[in-house]
Amino acid sequence: MRRLLAHPSLVVGMGISVLFALLAMVSLVWTPFPIADIDIGRRFLGMTAEHWLGTDNLGRDMVSLLMAGTLTSFVVAAVAVAIGVGVGVPLGLAAAAWGGPVEWLVLRLSDFIFAFPAVVVAILITALIGPGAINAIIAIGIFNIPVFARVARGGALSIATLDFVAAGRLAGLGNAAIAYRHLLPNILSLIIVQGTIQMSLGILAEAGLSYIGLGTQPPETSLGLMLKDAQSVFLIHPWLGLAPGLAIVLIVIGLNLAGDGLRDAVDPRLRQVQTNVA
Amino acid sequence: MILFILRRLLGFAATLLVAALVIFVLLDLLPGDPAQFMLGLNATPESVARLRMQMGLDVPAPQRFLGWIWGMLGGDFGMSYTQRAPVGELIWGRLGVTVPLSLLAMGVSMAVGLPLGILAARRRGKALDTTIMIVAQTGIAVPGFWLGMLLVLAFAVNLRWLPPGGFTPWDEDAGAALRGLILPSLALALPQASILARVMRTALVDVTGQDFIRTARAKGLTMGEAVWRHGVRNALLPVLTILGLQFAFLIAGTIIVENVFYLPGLGRLINTAISERDLILVRGATMILIIAVTLTMLLTDLAYGLVDPRLREGASS
């Protein structure tokens with residue numbers, strides 16, 4: 001624990017991320033005002049004692065919207081990471097443990113999925129079943145699969161040559177048992193680091209998808225949807241667009257710092273590159 | 001080298017074929033009757049039957065799939081039901097916005113990101129390095145479309161330097177068309193430039209520690225010369241991979257940013273197609289996006305093989 005705290009970017013990043021995550025969780029049980037509370041007479045209030053960050057074009061309290069929106073953004077990104085880990089990690093481990101045709105198949109599959117940017121997947125799903133937060137989850141989740149497959153395979157390959165894995169094989173363990181008992185525990189830290197980074201990419205992607213109407217729909221709210229709502233009145237009431245945008249930027253910086261810090265804490269040699277989802 | 005190119009071309013064709021199959025199955029086979037789906041619940045049976053004929057739904061699915069592929073090979077993407085025009089023509093008309101926008105954004109991203117990355121690596125650990133990296137860390141976290149909204153506020157509304165949105169066709173006034181793409185390309189490029197600066201810095205720092213830089217120094221080059229002549233060129237290899245990925249994502253990113261600036265590009269076309277349930281148009285447009293992304297990956301791979309001969313030998317991963 002002390003070793004982790006020695007990395008300032010990890011502490012700062014975790015601090016920011018946890019703060020926003022807590023705000024989001026609190027919105028489940030309490031927000032200053034109900035977010036469905038529309039009151040046109042109160043709209044476009046500036047910062048007041050009652051409404052700390054003012055109200056939006058429908059008179060809804062901005063603090064409440066931000067809290068609930070952050071929750072949606074976090075949930076979408078987190079479930080998408082879970083999909084990526086749940087499918088990608090077993091694929092990557094299988095590729096490393098079995099090798100040969102299995103590995104070839106996994107690599108081709110992940111190449112193939114890279115050809116489908118999250119936006120394209122979201123477009124296809126929306127054309128089929130209409131818009132919704134679930135589309136964003138699936139689209140971002142699919143994007144995450146090859147990312148985790150590659151990380152898992154890379155990590156597992158570097159461990160597969162070590163003596164304790166050979167010892168396991170001599171003891172009669174099959175590929176699946178090797179992957180589960182020896183490879184998986186040793187790549188967990190890699191997965192957690194990558195998970196943090198994919199969380200931040202997922203939040204950015206959710207914002208983009210909701211902004212063009214392919215993601216979260218009213219009466220639900222998300223940070224991206226708030227930006228979409230703010231677009232038409234942005235030039236007159238810039239604050240409505242500034243607040244959710246700043247929230248996104250802060251959360252993503254927090255998660256990225258936490259990811260960088262974790263990576264340095266786990267293994268400073270792992271300098272990985274990240275790209276954008278949408 | 002020829003074998004390497006052939007393998008990559010084969011992979012390219014296979015990817016597109018499977019992608020086409022996935023799209024076809026999703027949009028054509030799963031949700032009951034596409035004609036009914038497109039026309040909605042109030043459609044008369046006659047109009048549904050007419051649309052089924054028009055879409056060729058009366059022939060078996062495998063035959064329809066092959067017909068679609070065959071048509072696309074000849075540039076025929078089918079007829080849009082809502083716009084009553086060939087899908088290929090509709091898409092082609094929109095590419096005049098989307099493609100220049102992506103290219104411009106890519107250019108800006110490189111022009112900003114690469115020099116900053118090199119500068120940061122050369123001043124590693126100094127205040128300038130820290131500053132650039134803090135700016136880059138922030139830049140990565142900014143959603144491109146939100147940056148676009150801020151740019152409109154600053155440069156179009158307050159300073160009145162550039163148009164806030166909309167697009168003048170190229171053949172009407174090329175200068176105005178270009179001016180209309182400046183803010184959108186900045187919005188797309190700056191987050192990408194931040195990533196690029198970080199990658200460039202890391203790659204150059206890695207390379208600077210290598211033996212051949214020491215050799216170059218021993219031969220009498222200054223550190224600056226050694227890094228410039230030998231370091232940057234070697235560091236560009238990992239950067240090239242990222243450039244390919246970035247361009248692929250820029251193409252997808254334009255779809256989102258077009259909305260901020262009301263640009264009549266591919267994104268707007270797709271939005272309309274979705275809301276009007278024009279599955280044939282959606283199918284064609286998504287296929288074009290996937291072709292663009294896959295083509296970018298192919299070109300990156302080929303460029304990589306050209307620059308680094310080692311990759312041509314073991315071409316498996």
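Reader: Leaving aside its neighbours within four places in sequence, which residues is Val121(A) in contact with?
Author: This is a predicted model in which local features need pLDDT of at least 70, side-chain atom pairs count only at pLDDT 80 or more, and totals for chains, interfaces and linings use all residues. Residues are numbered from 1 along each chain as its sequence is written, while chains are lettered from A and ligands numbered from 1 in the order in which they are written. Two residues are in contact if their C-beta atoms, placed from the backbone, lie within 7 Å. The partners of Val121(A) are Phe116(A), Ile138(A), Ala139(A) and Ile142(A).

Reader: Which residues of the largest nonpolar core touch the most other members?
Author: A nonpolar core is a set of buried Ala, Val, Leu, Ile, Met, Phe, Trp, Tyr and Cys residues joined through C-beta atoms within 7 Å. A residue is buried if 20 or more other C-beta atoms, placed from the backbone, lie within 10 Å of its own, exposed if 12 or fewer, and partly exposed in between. The largest core has 168 residues, and its members with the most such contacts are Val121(A), Ala122(A), Ile123(A), Ala139(A), Met200(B) and Ala285(B).

Reader: Which helix gives the largest share of this core?
Author: Helices are DSSP runs of H or I with at least four residues, strands are runs of E with at least two, and both are numbered from the N terminus. Chain A has 10 helices and 0 strands. The largest share of the core is 19 residues, from residues 62-98 of chain A, helix H3.

Reader: Is Gly117(B) buried or exposed?
Author: Gly117(B) sits in helix H5 (residues 87-122) of chain B. Beyond four places in sequence, the residues that Gly117(B) touches include Leu196(B), Met200(B) and Leu204(B). Because 29 C-beta neighbours lie inside 10 Å, Gly117(B) counts as buried.

Reader: At what angle do the axes of H2 and H10 of chain A cross?
Author: Axes are lines fitted to C-alpha atoms, for helices over the stretch in contact, with angles from 0 to 180 degrees between N-to-C directions. The axes of H2 (residues 8-29) and H10 (residues 239-266) of chain A come within 7 Å and cross at roughly 140°.

Reader: How many residues does each chain put into the contact between chain A and chain B?
Author: On chain A, the elements that each supply at least two residues to the side touching chain B include helix H8 (175-211) and H10. The contact takes 35 residues from chain A and, from chain B, 46 residues.

Reader: Where does the cis peptide bond of Pro218(A) and Pro219(A) lie?
Author: Most residues other than glycine have a negative phi, and most peptide bonds are trans. The bond joining Pro218(A) and Pro219(A) is cis, with omega about 5°. Pro219(A) is in chain A, in the loop between H8 and H9.

Reader: Is Arg160(B), with its positive phi, buried or exposed?
Author: Arg160(B) is not a glycine, yet its phi is about 60°. Arg160(B) lies in the loop between helix H7 (144-158) and helix H8 (174-208) of chain B. Because 9 C-beta neighbours lie inside 10 Å, Arg160(B) counts as exposed.
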